[in-house]
Structures are given as C-alpha cells and as structure tokens.
Amino acid sequence: MTTSPALSTAVDYVKAPLLYKGKVRELYDLGEHYLIVVTDRISAFDYVLDPAVPEKGNVLNRLSAFWFEQTADVIENHIVHTDVEKLGDLVTEPELLKNRIMVSRKAERIDIECVIRGYITGGGWRQYVKTSEINGIKLREGLRKNERFDQPLFTPAAKNDVGHDEDIPFEKMQELVGSELAEELRDQSIKLYEFARGFCEERGIILADCKFEFGLIGGKVILIDEIFTPDSSRFWSKDNYELDIEIDSMDKEPVRTYLLGSDWDQNSKPAPLPSSVVEETTRRYLDIYKVLTGRAL
C-alpha cells in the first residue's frame, strides 16, 4: 500500500493565526471565514497517539465534503470551499494540504453534541446494562447487544473543551439551549441519520450511530464540523453484523484493540503504535471512503 507521508500539524504551512488545535483538526482565522486543516493525528481513550496515520486526514476531510454535498438539501452547512489553490500564498505547501482543507463560514457553535443511536452498542449498551436506560430514556427489557432500535434514539451530550463530553437527558438540553432549539436539533439530527442510514445500507454498510455539531449564523441553525466520518460515526459491514458480540467497526478499531491488548497502564500516553497497526488503520479509512463514495482516494 503506497501512501503519502503523514501530517501531524499544519502550523508551519499556514500563514494565518491558529485559533484552536483539537485532537485532529486545526482551526485558523482567515478574517471572514475559518480555515480548517484536518491532520493525520489519531486519538484513542483521550490520548493523541504517535505516530500519525497516513491518509487519515485526507479521508476525513474529503468524506465530510462528500456528505455535506449529499445532505445540502436536508440542512444548510458551513462549507465555503475545499480548494487549496484559492488560498494563494496563505498556504506555503499547497500540495501537502490540498485534500485536507475546508474553508468554512463562521458560526456560533452550539455546545451540544447531537448523538443518534440506531443500534444499542458501545456506551449506550453499557448504560442500558446498568440502568435499563440511555441518557435517562427508559428502554424495554430484554434488548440484546447490537439490536436495532425501532426508532433512532437522540442522546445529546454537553460539550466540554477539556475532558469528556457529558451525556445529558433531553430535558437538560432544553434547559441549556431552550426547548425550541433543542427540538430543532433533535429533529434535524434524526433526519440526517435516517438519510445516511439508507445511503449506507445500499452499499452494504450499517450506520450504527453518529454524532453532529451545529452552529448558528444570524439565528439560523447550520451543520458544522464533520459529518458521517469514521471519527464521528460507527460503521459496520453488514457481513459482520451479529447480536451479542463486539462487532469490528470500520474505523480506528485496530488501534483500540492493540492498546487494550497491550501492557499500557491506561493512565499515561501510550508508547508509539507498531507500523502494522498504523498500516491497518490507514487501510480501514481508505476502505470506508471507497465503499461510501465509490471512488478511491
């Protein structure tokens, strides 16, 4: 597998103020707009790991752009363009960043992560086993791990810039942002999920769950950040779907599996990942991109 060198940061290649450096994305101020650069950094269990994973940022950025285009009739989004050439001399190495950039409108971020669960798995399953609830939603008894919900569940989280986002009941979300906005975010999230679930199913993929972020421009809700990527969604191959097992998801699962099977103490940054794990993770990202878009990277 031939890949481009991994990019850990773009700070040396962008002549604009860096506003925010997340685990994967970097946000630069262009005045009227933001410049988002998606790096190849990878995180797991709240640690940014070494080394970066080649092509990961390319996949995340191009897949988001693909989905923003697909869902433009469902809801307006923040994208202006993804053409590095339009940035001129603001970028010193355009070839390095050409598939990694997104110029976006400046929206006021709504500090709620909008999570949609189509299947009971992951953290939702762990909540259910303990309490028979997810985010305060009482569920029927006897659900099995990975079972599909009759209706998708909306399970919001309050965003924290430091530490974990905090799962909250819908009623708490209403208190935080107001009932009308909370209902709009819930309804838009479900609509987006149902659109993408159908799209994925036609391609042999199950969209188990996903998360969205929204912002406001002039009081209007728009979709921001990323959408339906392996970092924001849980994709399963239909061929691997079973109840009562841990399904291997089409994302950075090789990294999580390796770390949990290693002697890592889980209280400090892990040692660098083996090259075999990095290569397999790159392959996963490239595969899901090709399956969803019908195009190789």
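Helices α4 and α5 are oblique to each other, since angles under 35 degrees count as roughly parallel, over 145 as roughly antiparallel, 65 to 115 as roughly perpendicular and the rest as oblique. The model is a predicted one, in which local features need pLDDT of at least 70, side-chain atom pairs count only at pLDDT 80 or more, and totals for chains, interfaces and linings use all residues. Residues are numbered from 1 along each chain as its sequence is written, and side-chain values use heavy atoms, with hydrogens and water left out.

Two packed helices are described by the angle between their axes and the distance between the axes. For helix α4 (residues 170-177) and helix α5 (residues 179-201), the axes cross at roughly 125° and come within 7 Å. Helices (H or I, at least four residues) and strands (E, at least two) are DSSP runs, numbered from the N terminus. Axes are lines fitted to C-alpha atoms, for helices over the stretch in contact, and angles run from 0 to 180 degrees between N-to-C directions. The crossing of α4 and α5 is right-handed; a crossing is left-handed if the near helix is turned anticlockwise from the far one by less than a right angle, and right-handed if clockwise. In this contact (heavy atoms within 4.5 Å), α4 contributes Phe-170, Met-173, Gln-174 and Val-177, while α5 contributes residues including Leu-181, Leu-185 and Arg-186.

A second pair consists of helix α1 (residues 56-70) and helix α7 (residues 275-293), which pack at an angle of about 20° with their axes 9 Å apart. Helices α1 and α7 are therefore roughly parallel to each other. Their crossing is left-handed. Among the residues in contact are Leu-63, Phe-66 and Trp-67 of α1 and Tyr-285, Leu-286 and Tyr-289 of α7.

On a 1 Å grid over the protein atoms alone, a cavity is a set of points where a 1.4 Å probe fits but cannot get out, and a pocket is an open set with protein on both sides within 12 Å along at least five of seven lines; lining residues have an atom within 4 Å of a point. Grid points are joined across faces, edges and corners, and a volume is the space filled by probe spheres set on the points. The second largest pocket has a volume of about 240 Å³. Of its 14 lining residues, the closest to the centre are Ser-4, Asn-58, Glu-95, Leu-96 and Arg-100. The largest cavity holds about 30 Å³ of space, and its lining includes Arg-25, Asn-61 and Asp-225.
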